[in-house]
Structure formats: C-alpha cells, structure tokens
Amino acid sequence: MNVASERRPDENAMRAAIRAAVRIVGLLALAAAIWLAHDVLLLVFFAVVLAIVLSYPVGWASRVIPRGAAVLLVLLLGVGAAVGFGAYAAPIVAEQVSGLRESLPRAVEQVRGRLQEWRLVPDERQAARGSSAAGVSRSGGRVEAGGGGGGTALGEAVAKVGPAVLHVIGGVTEIVVLVVLAAFFVHEPDVYRRGIRLLLPREHEQAFDELWARLRQGLRRWVGAIALEMVILGVLTSLGLLAAGIESWLALGLLTGLATFVPYLGAVASAVPGLLVALTQSPRHLLLAAAVYLGAHLVEGYVLSPVIMRRAFELKPALLLAGQAVLGALFGALGIIVATPALVCAQIAVAYLWVERRLHKSAA
C-alpha cells in the first residue's frame with residue numbers, strides 16, 4: 001500500500017507535466033499557423049469589419065424584405081453609387097491625382113535642395129559625378145557598346161510590367177474576396193457564432209455568448225463612429241484646401257478622409273502630400289495648408305472625438321499608438337490598418353474574460 005501510494009503522486013505529476021507539454025506544443029503550433037497565414041487572417045478580420053459596416057443598411061432593409069435580398073440590394077446600391085460617383089468625380093479626381101504625381105516629385109526636390117543648401121544631407125549629384133569620373137578613369141575612357149539593345153529593353157519592359165500586372169490582379173482579387181466574405185458574414189452572422197459555440201465545452205458557452213455580444217456591440221459602435229469621423233473630416237479638409245487655393249484639393253480631402261480610419265498615424269501621413277503640394281505653389285500656400293490640416297485635426301480631437309468616439313468606444317492614445325507600432329512591425333501596412341479594430345476587440349475581451357470573470361473586478 002505504501003509503495004502504491006508513493007507511485008500515484010509521481011504518476012499524477014508525470015501526467016500533469018505531459019498535459020502541460022502538450023498544451024505548450026499546441027500553443028506554439030497555433031502561433032506558427034497564425035504567423036504563416038496572417039495575411040489571410042487579417043483579410044478575414046477586415047471582412048468582418050466591412051460586414052459590420054454593411055449590417056447597418058442591411059438591418060434597415062431587412063425589416064421590409066428578406067435578409068438575403070437586403071444584402072444583394074445593398075451590394076448593388078453600393079456598386080451603383082461607386083460607379084456613379086466614379087463617373088461624376090473620376091475625371092476631376094484623376095486630373096488632380098495626375099497633378100499630384102507631377103507636383104510631389106517637384107516638392108521633394110525642393111525640400112532636398114533646401115536640405116543640401118543647409119548641408120543637412122549630402123549632395124547626391126556631386127557624389128554621382130565623382131563616381132562616374134572615377135569609373136571612366138579606371139576604364140581608360142573607353143565606352144563599350146553592347147549588342148542586342150532592343151531585346152534587352154523589351155525584356156526589361158516585360159520584367160517591369162509583368163509584376164505590376166500581377167500585383168493589380170492580386171489586389172482586385174483580394175477586394176472581391178473581401179466583399180464576398182463580408183456579404184456572407186452579414187447574411188447569416190448567427191451561423192458562424194453557433195459554429196464556434198459548438199466547439200466549446202458547455203460550461204464556457206454562456207461566457208462565449210456574453211463575449212460575442214460585447215464584441216459585436218463594441219465593433220458596431222466603433223465602426224459607426226469612425227465612419228462618421230471619416231466623412232466629416234474629409235469634407236472639412238476638402239473645403240478648407242479649396243478655400244486656401246491648394247491644387248488637387250478634392251484628392252487630398254479624400255485621402256484625409258480615408259486616412260482617418262487609422263487614428264493619429266493616418267492624420268500625419270495624409271497631411272504630408274498636401275503640404276508638399278502647397279510648397280510647390282508658394283510659402284504662403286504652405287502656411288495656409290498647414291493651418292487647414294491643423295484646424296481640421298483640432299476639430300477632430302476636441303469636438304468630434306469627445307462627442308462621437310467617446311460615446312461609442314474610447315481607446316487611450318498611448319495604447320493605440322503602441323498597438324499600431326507592434327502590428328505594423330509584425331504584419332506591415334495591413335497590420336496598421338486593422339490595428340484599431342483589433343485593439344477594440346482585445347480591450348473588450350481582456351476586460352470581460354480577465355478583469356471581470358477572473359479577477360472579479362469592475363472593468364470600468
């Protein structure tokens with residue numbers, strides 16, 4: 001009896017160690033799978049955010065027609081609105097975008113020239129002339145002409161155009177997949193909730209239902225608030241740049257509205273092209289553009305965010321910037337784009353699962 005009783009603790013400890021090792025290996029395998037498929041997972045998560053955006057008009061339309069017909073109607077109206085807006089505004093936007101392509105390199109050259117005058121950066125032209133002169137002196141001044149220049153040029157053109165075409169096709173494919181996934185998610189959202197719920201033990205089903213409801217409510221509030229901020233800030237910036245006489249004001253305003261989806265970093269990034277365009281016009285236009293961007297973001301920080309975002313869902317600036325930096329370092333530009341909704345979900349999950357259920361504290 002004593003020998004058996006001594007073996008049981010050892011066997012229990014061995015089994016516990018084996019279970020812990022299996023869990024660690026499983027977590028490592030899950031982390032590796034997530035890392036390998038992070039592009040797909042981020043695309044699916046962005047489709048969930050788009051489905052939440054579509055859930056507003058689909059919910060209103062489904063009160064009078066079946067939900068499947070409501071999804072189809074909303075998609076058709078969205079495509080029609082995009083085509084109509086493109087037909088009306090595409091020439092203006094295309095003209096302004098072409099103007100941006102011409103003015104931005106000039107502005108960059110002006111800034112570089114100023115920095116070179118102030119000797120803050122080296123003069124690349126002098127360095128290039130020095131290196132070319134050194135190369136000529138080493139080769140004895142001989143210039144060898146290679147044959148087959150036409151074939152080489154054609155091959156280089158194909159090598160440049162091919163990847164660009166594949167990149168465009170890949171981008172269009174991702175957009176189509178994104179819209180289709182969002183349509184499926186918004187059509188039958190409870191199907192996917194029930195599917196995940198079936199995989200959980202019964203004792204965790206109630207907690208999962210509560211977490212799902214909180215995540216859904218939090219994301220819906222954040223999506224509605226950020227969409228309203230994007231529209232208001234884009235319109236304010238466009239009108240301000242137009243009043244200041246800045247070229248390409250509509251394209252720059254659209255860029256500001258879209259960049260508002262990424263708080264803080266998007267505001268800074270969207271202001272750089274406008275300031276460069278204004279710099280090509282005159283120093284006075286540069287000051288006016290800076291005043292427009294500063295005023296628009298002051299309105300956002302002191303009027304829109306307190307009134308709209310804090311009633312919906314508030315994220316602290318330090319947490320938001322840290323999350324954007326981490327996800328951007330891990331997953332690139334797409335990680336920065338989805339950082340804010342991902343942090344919304346993480347904050348809700350930590351507040352409910354850890355603070356409330358585990359620590360039995362108030363999440364407020």
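1. Contact here means heavy atoms within 4.5 Å. By that criterion, Leu319, Leu320, Gly323, Gln324 and Leu327 of α11 meet Ala339, Thr340, Ala342, Leu343 and Gln347 of α13. Sorted by class, this contact holds six nonpolar, four polar and no charged residues; the nonpolar class is Ala, Val, Leu, Ile, Met, Phe, Trp, Tyr, Cys and Pro, the charged class is Asp, Glu, Lys and Arg, and the others, Gly among them, are polar.

2. A word on the source. The model is predicted, so local features need pLDDT of at least 70 and side-chain atom pairs count only at pLDDT 80 or more, while totals for chains, interfaces and linings use all residues. Residues are numbered from 1 along each chain as its sequence is written, and side-chain values use heavy atoms, with hydrogens and water left out.

3. On the overall fold: the protein chain has 13 helices and zero strands. Helices (H or I, at least four residues) and strands (E, at least two) are DSSP runs, numbered from the N terminus. Buried residues make up 26% of the 364 residues in the protein chain; buried means under 20% relative accessible area, exposed over 50%, and partly exposed in between (1.4 Å probe, protein chains only). Among contacts in the protein chain with a separation of 6 or more, 69% are between residues 24 or more positions apart.

4. Back to the helix pair. Two packed helices are described by the angle between their axes and the distance between the axes. For α11 (residues 317-331) and α13 (residues 339-358), the axes come within 9 Å and cross at roughly 115°. Axes are lines fitted to C-alpha atoms, for helices over the stretch in contact, and angles run from 0 to 180 degrees between N-to-C directions. The crossing of α11 and α13 is right-handed; a crossing is left-handed if the near helix is turned anticlockwise from the far one by less than a right angle, and right-handed if clockwise.

5. Which residues touch the most other members of the largest nonpolar core? They are Trp222, Phe261, Phe313, Leu315 and Val344, in a core of 16 residues. The elements giving two or more residues to this core are α2 (38-61), α7 and α13, and α7 supplies the largest share, five residues. A nonpolar core is a set of buried Ala, Val, Leu, Ile, Met, Phe, Trp, Tyr and Cys residues joined through side-chain atoms within 4.5 Å. Neighbours within four places in sequence aside, Val344 is in contact with Gly218, Leu219, Trp222, Phe313 and Leu315. Another core, of 13 residues, lies apart from the largest one and includes Val58, Ala61, Ala70 and Ala183.

6. Side chains of opposite charge can pair when their charged atoms come close. The structure holds six salt bridges, each a side-chain nitrogen of Lys or Arg within 4 Å of a carboxyl oxygen of Asp or Glu. Asp190, Arg193, Arg197, Glu205 and Asp209 are linked in a network of such bridges. Within it, Glu205 pairs with Arg197 at 3.4 Å, N to O. Glu205 counts as buried at 16% relative accessibility, and Arg197 as partly exposed at 25%.

7. Arg197 also meets Asp209, at 2.9 Å, N to O. Because Asp209 lies in helix α7 (residues 205-244) and Arg197 in helix α6 (residues 189-198), this pair ties together parts that are twelve residues apart in sequence. Asp209 is partly exposed, with a relative accessible area of 26%.

8. How far apart in the chain are Arg214 and Glu356? The side chains of Arg214 and Glu356 form a salt bridge of 3.1 Å, N to O. The pair links distant parts of the chain, with Arg214 in helix α7 and Glu356 in helix α13, 142 residues apart. Arg214 is partly exposed at 26% relative accessibility, and Glu356 is partly exposed with a relative accessible area of 25%.

9. Two backbone angles should be noted. Tyr264 has a positive phi of about 70° although it is not a glycine. Tyr264 sits in the loop between α8 (249-259) and α9 (265-281) and is partly exposed, at 40% relative accessibility. His360 likewise has a positive phi, near 60°, in a residue other than glycine. His360 is in the segment after α13 and counts as exposed at 65% relative accessibility.
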